[in-house]
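User: I am new to this structure. Please take me through some of its packing and pairing.

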Amino acid sequence: MQKLDKNIKDDIDKKQTVKDKEYSIWLDTWKRMRRHKMAMIGGTIVLILYIVVIFAGFLSPYNPYKGFKKHFFHPPTKIHFFDEDGLTWPYVYETKSVDWAEYEVIKDKKYPIKFFHRGQEYVLMGLFKSDLHLIGVDQPAHLFFMGSDNYGRDLFTRILYGGRVSMFIGFVAIFITTVIGMIVGGIAGYYGGWVDNLLMRFAEVIMSIPGFYLLLALAAVLPIDISSTMRFFLIISILSFRGWAGMARVIRGMVLSIRNEDYILAAQAIGAKDKRIITKHVLPTTTTYVIVRATVSIPSYIIMESGLSFLGLGIQEPNASWGNMLSAAQNVTKITNFPWLLIPGFMIFFAVLSYNLLGDGLRDALDPKATEDY
Amino acid sequence: MKKLTVFSLILIFVLSFALTSVVVYGAGDDVELLDPEVSQKPQGKHGGTLITTLLGDPKTFNTIIAQETSSTDITDGFVFEGLVDRHGVTTEFMPELARDWEISEDGTVYTFYLRRGVQWSDGVEFTADDVVFTFDVIKDEEVPTSTRDVMMVDGEFPEYRKVDKYTFEVEIPKPFAPFLNNMTTFIIPKHKLYDAWKAGNFNNMWGIDTDPQEIVGTGPFTIGEYKPGERVVMLRNANHWRRDPQGRPIPYIIRWVRVISESQETQALLFENGQTHFLGVRGIDYKRFAEDAEKGNYKMINAGPTFSTNFLVFNMNPRNPKLEEQPWKYEWFTNLHFRRAVAYSMDKNTMIDQALAGFGEPQWSPVSAPNKVYLNEEVKKYPYSLEDAKEELRQGGFTWNDQGQLLDKDGRRVEFNMVTNAGNTVREQILNIVAAELRELGMKINSTPIEFNKLVNQLLSEWDFDTILIGLTGGVEPHSGSNVWPSHGHLHMWNPVQEEPATEWEARIDELFELGATATKVEDRVKYYNEFQEIIAEKIPIIYTVTPNSLFAVRNTLKNVEPTAYGGVTWNIHELYID
């Protein structure tokens, strides 16, 4: 008898999949998404940022830790496209320090910009070693696209490397919050009663832990001999172990509202196990919410990282992150005299804005009630 | 009946109030100040609030046990005073609580004639009993004070006695040239602290949670209010013994608000916004401040190299609790070649350029640059050279693997922590520059700024650090370093409070400090302190980096100021006034 049941159900599942091929919710979403101009722009920028930071080693002219001692606070190198004879291959001039943080251009010799330049060694995606840089210039000239910082390190290079932390750290946090949030929320909503009560009260307890003080305590407790990236990773993970509660509450609410829907009752009537019902029928309805929430909260982690670095809890020198690069510019003299030090701030701004636009678009595109548009 | 009770209660209340006020008045008013000091500066205007900034919270108001400048900056010279003091410009001795002093022919007996009629800020008279009490406390082995080390002459604490109410005598076993310097030690009130000291509770007295009213001094100011992390408000001590040229009590300034802001950046902004009266300017800001001086109504002063130092100290303490897990660190740090390699990798020119914006000097010797009398310029120097550093490491038994990582003789990767106090951007930058160079040598350095008080704990009580980049306030008298350099010193940072000197050269330094102190002729003293400087430069337990210049921006409304690298702006706080 039981076996027969199962066969029937499998049959239903198969039919379902056949139907899915004709009409895919993802294709539908993509079509709606494409009409959303701003979201597409945001999404493109986000995508470019990811590609750029992943290939930072190749795209950047220097090593992020390499300091040119005599060229600190160097303004962005001027790239010349014209010489006496008109348009020419882009070139730069050598500069020499004359006074404190003041540089003189020596126009004796032109240094052409070279593509696929052999420079300092780096490791690409943690796999291969290479010394091939997309762009570079021979010594003694320097190629500082965005100027150099107070140790004479190339700001452009550091922005690319620093973006890795800023852009990826959110994923870890989102992953942890989502997994715990969905499991707890799903169980609480589906079973209801005392299970629900217990889990939700527990979530409230977790939510009431004050985040900022937890951070300060963590900063004091974590040993200083682990690398700052590792430490920051730990801080973020611990924070997300606290952050799942909000997620769990919303998921629980959604689950509660669909628990008595016909298809769930049908699944129960057929005799599906609870685990199967929760994972296959209940939680998928929350996908929309989870995706949107993730896109919207990644920028908040980017901002949090910059805030923490600002407080000295985040990534520490000499490692780069947009946050700590910005906090190194935390001096009125630097901001007025060396304004290029603020570029990391613009990067944070662009990344956060693009992510928010993308999230906005995704929310509209995934909204089931928006179908009349289509 | 009810009315009567109420009435009698009121009566009792009023009476008791009247009685107590009689008692309070009785305490001070019959004390007549016979020996005031009259200010030589132009007459100023009374009144006004001075607003300045502090870099950190005090840990205690008890100046005897305070070991960090964030505490002594509040009290020393402002709340508490010594018998003598050094002039802020000439650095010569000048009378403070003692109006005069005599040194016997053989140089062993010092007699101090105290100012008569000086009152503590609560009105009680200051007498020789207070001085005796202060010495009692310093002598007490139960009190953790670095002053005791400094006071020791020939391993003995000097004998001291009250001759009469206004005369105090100290007798030292043998001539001790820098002894007068020790008499700048801050005097504390017997009537407030004697009972606590007798009860063995002195070390807990006058912590930062004490009611400020309880903290009584002779100095120009008293503590009015302390809000942790916010501000310390100092109030004029109306009973102070200094007088303006017209014979009225000074300080001129009634209220002195000292805003605590751990960031020098905030301090600079506060000054720029016109909220504070003066600012110690960092090199990087000098040009910008100089440009706006006229608009902001202030003047810029470059007072030359400071006495303060920035150095790297390695933990060579065998009692380091972390050695159980990592005994090899002790081996590295005590390896002279290792320390020399680090010394060779100090790129001081880059430090001056990048961290001090060009306003600084390299330092090689433990005696600060402005101390021309004792500075030995011939000490061993370690000019920046990574090649020399590598050579030293090779000689020290270190090798490199094929990734360029530095390994010790057991093949262990050289990795250690290096910390400095957060909020001091100059030190943070020096730290980064040093760490970058050491990484070039193949070491793995975990460098991070940490909170100052946490750092002080690691350095002074927990002894569990690896390397600290920190500074000391230097002084004119080389013997003021006797809590640092001799092996028994509390601030002998690399291996404090040793019972027996751990190495021969430390033993020699102990000796030299004794010799330098007992010699009466300056030439002899110079000889001893020269040798001491040579040893330190040779063995480099402490690796000096660079010394910043002392730069100030002082508001033009603040008058009678004479800023120096030695005394800063506030050395004559009692004479400053606001116009």
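User: In which hand does α2(A) pass α14(A)?
Analyst: This is a predicted model, in which local features need pLDDT of at least 70, side-chain atom pairs count only at pLDDT 80 or more, and totals for chains, interfaces and linings use all residues. Residues are numbered from 1 along each chain as its sequence is written, with chains lettered from A and ligands numbered from 1 in the order in which they are written. Helices (H or I, at least four residues) and strands (E, at least two) are DSSP runs, numbered from the N terminus. A crossing is left-handed if the near helix is turned anticlockwise from the far one by less than a right angle, and right-handed if clockwise; that of α2(A) past α14(A) is right-handed.

User: Which residues of α14(A) make the contact with α2(A)?
Analyst: Residues are in contact if their C-beta atoms, placed from the backbone, lie within 7 Å. From α2(A) come A:T29, A:R32 and A:M33. Their counterparts in α14(A) are A:G361, A:L362, A:A365 and A:L366.

User: How many bridges pair β9 of chain B with β10 of chain B?
Analyst: Two strands pair if DSSP finds at least two bridges between them. Here β9 covers residues 221–227 and β10 residues 231–236, and B:T222 stands opposite B:L235. The two strands are antiparallel, and the number of bridges is 6.

User: Which residue in the turn between β9(B) and β10(B) has a positive phi?
Analyst: These strands form a hairpin with 3 residues between them. The phi in question is about 75 degrees, and the residue is B:G229.

User: What is the bridge partner of B:R231 in β12(B)?
Analyst: β12(B), residues 255–260, runs antiparallel to β10(B), joined by 5 bridges. The partner of B:R231 there is B:V259.

Technical notes. Contact = placed C-beta atoms within 7 Å.
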